[in-house]
Amino acid sequence: MNNPKIMKRVSKRKNSPKVIVVMPAYNAAKTIERTYYDIPQDKVDEVIVVDDDSHDETVRIAKKLKLPVFVHKKNLGYGGNQKTCYQKALQRGADIVVMIHPDYQYDATLTGHLIEPIIEDRFDIMLGSRIRGRKEALAGGMPLYKYVSNRILTLIENIVLGLNLSEYHTGFRAYKREVLEKLPLSSFSNDFIFDQEILISAHLAGFRIGEISVPVRYFPEASSINFIRSVKYGLMILYVLFIYLLKYCGIKNKRFNFNIKKR
């Protein structure tokens, strides 16, 4: 991408919470630069990249952008990548951590809107929901089977958790520092189910979860799990919900073995 200059993210937002964007990257060479340049520099203090042993030019491009880059020597999986992302962001003093997939599937220009409810202390977690309507989601390139499975799983999760979210499976989300400090992230899966474990655990602990709508973008360069892995992911979600119900009913289990936070 030909951009006149690399964005500098030295914060001039005194008395504002420190916002760090983390990008869990794996073979994102074709999209990471576009994603980065969409992030509004006046809303963010720093952007860091954690590379999960990519086999393309992801690391080289991230370094060209002069971003802090942390490289796994071996692939740890999507959840393992996020664990490093959040650890590094907290170490660097983040008050709010925004996770954006560097696959350009999400509209990073909306980062300011995503974090605003957290800054205003209305929510502790914010999700960027791609489901504003069936027509728009499909027009954005979301495969029909993904849309249908997303809707079914979201319905089940809403019923079990007692929430009313339009999507639980987004790769564009923001967390208040306290959420990442309180939840036992290291005990969660290193696989894709990590996203659901953190949301279910956050709800169990009493944290407030909100969402905004974001447009959906599916295209060949955007990363996406295949049909078989999607089925596995769906089954894992159902299993984790079952474990949540056990915890809710007072039956102890290792996955959600922490004290419920009273708000």
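**Entry 1: ground rules**

I am working with a predicted model, where local features need pLDDT of at least 70, side-chain atom pairs count only at pLDDT 80 or more, and totals for chains, interfaces and linings use all residues. Residues are numbered from 1 along each chain as its sequence is written, and side-chain values use heavy atoms, with hydrogens and water left out.

**Entry 2: the cavity**

I searched the whole structure and found one cavity of 30 Å³ or more.

Which residues line the largest cavity? I noted D191, F192, I193, R229, K232, Y233 and M236. Four of the lining residues are nonpolar, three are charged and none is polar. (Here Ala, Val, Leu, Ile, Met, Phe, Trp, Tyr, Cys and Pro count as nonpolar, Asp, Glu, Lys and Arg as charged, and the others, Gly among them, as polar.)

**Entry 3: two aspartates in loops**

Next I looked up D124, in the loop between α4 (111-119) and β5 (125-129). (Helices are DSSP runs of H or I with at least four residues, strands are runs of E with at least two, and both are numbered from the N terminus.) Is D124 buried or exposed? D124 is buried, because its relative accessibility is 0%. (Buried means under 20% relative accessible area, exposed over 50%, and partly exposed in between, with a 1.4 Å probe and protein chains only.) I found its side chain 2.8 Å from the backbone nitrogen of R208. (Such a polar contact is a pair of N or O atoms within 3.5 Å; within protein, one must be able to donate a hydrogen and the other to accept it, and residues adjacent in sequence count only if both atoms are side-chain atoms.)

D45 sits in the loop between α1 (32-38) and β2 (46-51). D45 counts as buried at 8%, and a polar atom of its side chain lies 2.7 Å from the backbone nitrogen of V19.

**Entry 4: salt bridges**

How many salt bridges does the structure hold? I noted 13. (A salt bridge is a side-chain nitrogen of Lys or Arg within 4 Å of a carboxyl oxygen of Asp or Glu.)

R92 pairs with E46, with 2.5 Å between the closest N and O atoms. R92 lies in the loop between α3 (78-91) and β4 (96-100) and E46 in strand β2, so the bridge ties together parts 46 residues apart in sequence. R92 is partly exposed at 30%, whereas E46 is buried at 15%.

I then turned to D121 and K176, which meet at 2.9 Å, N to O. D121 is in the loop between α4 and β5 and K176 in strand β6 (residues 172-176), so this pair links distant parts of the chain, 55 residues apart. D121 is partly exposed at 44%, while K176 is buried at 17%. I also saw that D121, D124, K176 and R208 are linked in a network of salt bridges, which brought me back to D124 from the previous entry.My last pair was R173 and D195, a salt bridge at 3.8 Å, N to O. R173 is in strand β6 and D195 in helix α8 (residues 194-204), 22 residues apart. R173 is buried at 0%, and D195 is buried at 4%.

How values were computed
1 Å grid on protein atoms, 1.4 Å probe; cavity = no way out; pocket = protein on both sides within 12 Å on 5 of 7 lines; lining within 4 Å. Points joined across faces, edges and corners; volume = space filled by probe spheres on them.
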